[in-house]
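Welcome! Take a look at the sequence and the model below, and then let us walk through some of the details together.

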Amino acid sequence: MNHWHFILGAYGVTVLLLIVEVVALRARRRNAVAAAQASIENLPTP
Amino acid sequence: MKPRHRRIAWILAGIAVLGVAVALVLNAFQSNLVFFFSPTDVAENKAPQGRTFRIGGLVEEKSVRRDGIVVHFKVTDTAKTIPVTYQGILPDLFKEGKGVVAQGKLQPDGTFVASEVLAKHDENYMPPEAAAAVNKAHIDAAEKNAAKTLAH
Amino acid sequence: MALNWTRYASPASFHPLAGKLIPWFGWGAAVLAAIGLWLGFAVAPTDFQQGEVYRIIFIHVPSAWMSMFLYVVMAFWGALLLAFNTRLSGMMAQAIAPTGALMTFLALWTGALWGRPTWGTYWAWDARMTSELILLFLYLGIIALRQAIGEARRADRACAVLSLVGVVNIPIIYYSVQWWNTLHQGASVKPTGSSMEATMLWGMLVMSFAFWFYAIAVVLSRVRSIMLERERSAAWVAALPEVGSAR
């Protein structure tokens with residue numbers, strides 16, 4: 001009674017989604033920094 | 001998409017999601033809070049009459065009988081017992097003395113004809129050797145009790 | 001108070017603090033997960049009735065616990081927002097929701113793949129599973145509500161109210177297996193003790209800490225992005241080394 005394909009399905013999807021979340025967050029961070037830089041460049045120089 | 005259209009789309013998505021959530025809550029409160037009825041509930045006529053419902057309990061020891069493709073067994077909550085017939089594949093964890101939930105209809109003669117049988121396992125996790133030791137301890141205790149009763 | 005904790009409630013000082021904490025929690029999660037998986041697959045024995053498939057417990061229970069815990073934390077930040085109207089509260093609540101939804105989905109997914117070989121079904125409408133599914137819809141509803149409102153401060157308040165209303169679902173999930181007849185078994189770990197063999201229990205607890213650390217790292221990372229998105233033209237953002245260095 002070994003159901004390794006169920007175990008693989010559970011762990012595989014978990015690891016995949018956690019990686020997707022981390023990659024998405026890194027992209028979001030890059031975009032946020034870029035947007036912040038762009039908005040500074042539009043500021044009037046003091 | 002314009003921002004206004006996007007916002008409307010999100011509002012619609014939100015309403016849909018919340019609608020599903022509310023529907024689930026209402027549905028749960030209406031019928032599914034009680035996932036199954038015990039044999040005692042059935043004996044006390046608490047189970048719905050004339051439509052499908054689920055019964056749950058333990059598979060009575062030595063009650064499983066295979067008759068071709070039909071399986072007969074009894075579901076017990078130690079107070080009351082219901083005979084069940086079922087035609088189909090049983091889950092791996094279906095075993096005498098273990099938990100079971102069966103969906104089906106109660107016949108006038110008191111047998112329950114199941115269309116689906118699920119195994120309900122308990123929350124104990126241990127290696128087979130430990131399970132055997134626990135089992136042996138139970139049997140030893142029972143024997144000791146029996147010996148005590150006989151000695152009196 | 002010697003240490004002025006409210007100082008860290010402002011994005012300007014929380015942003016660098018979160019940045020310092022993220023690697024610790026991120027690597028901590030990786031190390032804990034490695035130990036937990038080693039315990040779960042190399043040390044913990046085969047189960048007497050389920051065989052190997054019970055090993056799904058090492059991700060199922062942690063993700064289910066986190067799904068409920070994160071919701072309570074999100075609602076707590078919502079309550080802080082409504083009470084004190086601090087900027088950080090709304091940002092934290094916003095940062096938690098997607099990870100909470102992910103944990104809820106993982107609890108349902110791993111539960112389905114565990115239910116099929118043991119119970120004989122992927123899904124049943126019992127009280128435990130239905131209430132966990134409602135939790136997923138609560139998370140998705142809160143995310144959708146924020147997107148629908150758009151304007152951050154108004155969205156913060158609306159999401160806080162909705163998440164506080166949804167808190168009633170948490171005890172329902174937790175106690176469902178006691179209050180009603182369910183297909184799902186009762187809790188293996190209770191305040192009074194556990195009904196699991198020691199190495200199995202340790203594997204599960206270490207994995208729970210791994211998930212916890214992961215969630216902290218991910219939420220802190222997301223809240224940092226949210227801070228930049230919301231306050232991109234603030235002076236403290238311009239003063240950040242990673243932002244200012246572009247000049």
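B:Lys46 counts as exposed, at 53% relative accessibility. Please keep in mind that this is a predicted model.

**Chain B and its domains**

- Chain B is split into two parts: domain 1 covers 1-33 and domain 2 covers 34-151.
- Taken over C-alpha atoms, the centres of domain 1 and domain 2 of chain B are separated by 40 Å.

**Getting to know chain A**

- Chain A holds one helix and zero strands.
- Of the 46 residues in chain A, 35% are buried.

- The size of an interface is often given as the accessible area lost when the parts come together.
- For chain A and chain C, the buried area is about 3,100 Å², with 68% of it on carbon and sulfur atoms.
- Which three residues supply more of the area that chain A buries against chain C than any other three? They are A:Phe6, A:Tyr11 and A:Arg29, which supply 21% of that area.
- On the chain A side 28 residues take part in the contact, and on the chain C side 42 residues do.
- There are 12 residue pairs in polar contact between chain A and chain C, counting pairs with both residues at pLDDT 80 or more.
- Three salt bridges cross the interface of chain A and chain C.
- A:Arg28 pairs with C:Glu229 in a salt bridge, where the closest N and O atoms are 2.8 Å apart.

**Salt bridges in chain C and beyond**

- How many salt bridges are there over all chains? The count comes to nine.
- C:Glu52 and C:Arg55 form a salt bridge, and their closest N and O atoms lie 2.7 Å apart.
- Both ends of this pair are buried, because buried means under 20% relative accessible area: C:Glu52 has 13% and C:Arg55 has 4%.
- C:Glu231 and C:Arg87 also meet through their side chains in a salt bridge, at 2.8 Å from N to O.
- C:Glu231 sits in the loop between helix 7 (198-230) and helix 8 (235-238) of chain C, while C:Arg87 belongs to helix 3 (residues 87-118) of chain C, so their pairing ties together parts that are 144 residues apart in sequence.
- Is each of these two partners buried or partly exposed? C:Glu231 is buried at 11% relative accessibility, whereas C:Arg87 is partly exposed at 37%.
- A:Arg29, C:Arg224 and C:Glu242 are joined into one network by salt bridges that share partners.

**A closer look at C:Ser176**

- Where does C:Ser176 lie? It lies in helix 6 (residues 169-179) of chain C.
- C:Ser176 counts as buried, with a relative accessibility of 0%.
- Its side chain is joined to that of C:Arg128 by a polar contact of 3.2 Å.
- Leaving aside residues up to four places away in sequence, C:Ser176 touches C:Ala127, C:Arg128, C:Ser131, C:Pro171 and C:Thr182.

Technical notes: Residues numbered from 1 in each chain as written. Chains lettered and ligands numbered in written order. Predicted model: local features only at pLDDT ≥ 70, side-chain atom pairs only at ≥ 80, totals over all residues. Heavy atoms only, no water. Domains from an automatic or database assignment. Helix = DSSP H or I, 4+ residues; strand = E, 2+ residues; numbered from the N terminus. Buried < 20%, exposed > 50% of the residue type's maximum accessible area, 1.4 Å probe, protein only. Contact = heavy atoms within 4.5 Å. Buried area = accessible area lost by both parts, 1.4 Å probe. Salt bridge = Lys/Arg side-chain N within 4 Å of Asp/Glu carboxyl O. Polar contact = N/O pair within 3.5 Å; in protein donor to acceptor, adjacent residues only side chain to side chain.
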